[in-house]
Amino acid sequence: MMGLVGGASTAVAQSTTYPTKPIRLVVPFPAGGATDIFARTLSQKLGEKLGTSVVVENKPGAGGTLGSDIVAKSAPDGYTLLLATSSTHSIGPNLNPKMPYDAVRDFTPIGQVGNAPSIMLVPNSSPAKTIQEWIELAKKNPGRLNYASSGNGTIVQLTAELFKSQAGLFVVHIPYKGTALAMPDLISGKVDVLFDSLPTGLPHVKDGRLRALGVTSAQRTNMAPGLPAISEVLPGYESTTWFGLFGPQGMRPDLVSRVNTAAIQALSDSEVKDKLQRLGIEAIGTSPAQFTTMLAAESAKWKKIITERKITLD
């Protein structure tokens, strides 16, 4: 009995003293990308709230798998955290059966910290002025319209395939090596639709080169004022890139709670919110339980689309 009491008091002591050294925040993508900028924006305020420095470490490779695996195999002491995305924990595990980690079993969800919706773009030459009109156009021309993506198995392809599935459309996929390479063909009308990120897509709309029909978030977003959510036409439709904090499997609940509380406080900072908004990301702070529920729903959604549409990385 003394052992149990001693163990409990040790855990409480560790909780009240944590953290006593810098925390490593692993970003499984290269420096300069959206996830990296997000991490650096969040890390300073997160460190202030926790009373230590949060050091961002880029560990890119294998589509985010390399850095995620490093965290999965780290000690669950709260000093190694991961800023992950839909690609590492919702899409990748359903596309690649040879992942070195189990996205559910090998991690401790701490909280969702951001959400990045996409924008539905069409050429100015398109006869469709609304989401409904585009769906009707595609239904009248099965197999004659196409959509661009940034490659097989990417969130851009899956966003379009989810749209096709819910609307009951036959639209041809044209993969590019990045949406930037697809832009000239979209502007010229060789491509009929592209679901692009807000920061890269909106400038073309503002410059009058493209027409925006809607956003992929569950509701309208103030990052794209005046645009309807696709869900207003296709109920339940949602496709966003989420960002979330994880620890390794077995991270103690008191440490999870400490980091989660600090993250929510950091995300409520107006400077952090503004910086993220410029990245096309909505700052979101959820509880570990809410994050866990969201992760299960996202994984199930993308698994269904990947299986039904026979999507592969090849």
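Analyst: **The largest cavity and its surroundings**

The lining of the largest cavity divides into five nonpolar, five polar and no charged residues. In this classification Ala, Val, Leu, Ile, Met, Phe, Trp, Tyr, Cys and Pro count as nonpolar, Asp, Glu, Lys and Arg as charged, and the others, Gly among them, as polar.

This is a predicted model: local features need pLDDT of at least 70, side-chain atom pairs count only at pLDDT 80 or more, and totals for chains, interfaces and linings use all residues. Residues are numbered from 1 along each chain as its sequence is written, and side-chain values use heavy atoms, with hydrogens and water left out.

A cavity is a set of points, on a 1 Å grid over the protein atoms alone, where a 1.4 Å probe fits but cannot get out; lining residues have an atom within 4 Å of a point. Grid points are joined across faces, edges and corners, and a volume is the space filled by probe spheres set on the points. The count is one cavity of 30 Å³ or more, and the largest cavity holds about 30 Å³ of space.

Its lining consists of G111, Q112, V113, L245, N260, A263, I264, L267, G285 and T286. Helices (H or I, at least four residues) and strands (E, at least two) are DSSP runs, numbered from the N terminus.

V113 and L245 from this lining are also among the members of the largest nonpolar core that touch the most other members, along with L25, F38, L42 and L83. That core has 32 residues. A nonpolar core is a set of buried Ala, Val, Leu, Ile, Met, Phe, Trp, Tyr and Cys residues joined through side-chain atoms within 4.5 Å, where buried means under 20% relative accessible area, exposed over 50% and partly exposed in between (1.4 Å probe, protein chains only). Elements supplying at least two residues each include β4, β9 (240-248) and α9. The largest share, seven residues, comes from α9.

Contact means heavy atoms within 4.5 Å. Leaving aside neighbours within four places in sequence, L245 is in contact with L25, L42, L82, L83, T108, P109, I110, G111, V113, V259, A263 and F291. Of these partners, G111, V113 and A263 also line the largest cavity.

Key:
On a 1 Å grid over the protein atoms alone, a cavity is a set of points where a 1.4 Å probe fits but cannot get out, and a pocket is an open set with protein on both sides within 12 Å along at least five of seven lines; lining residues have an atom within 4 Å of a point.
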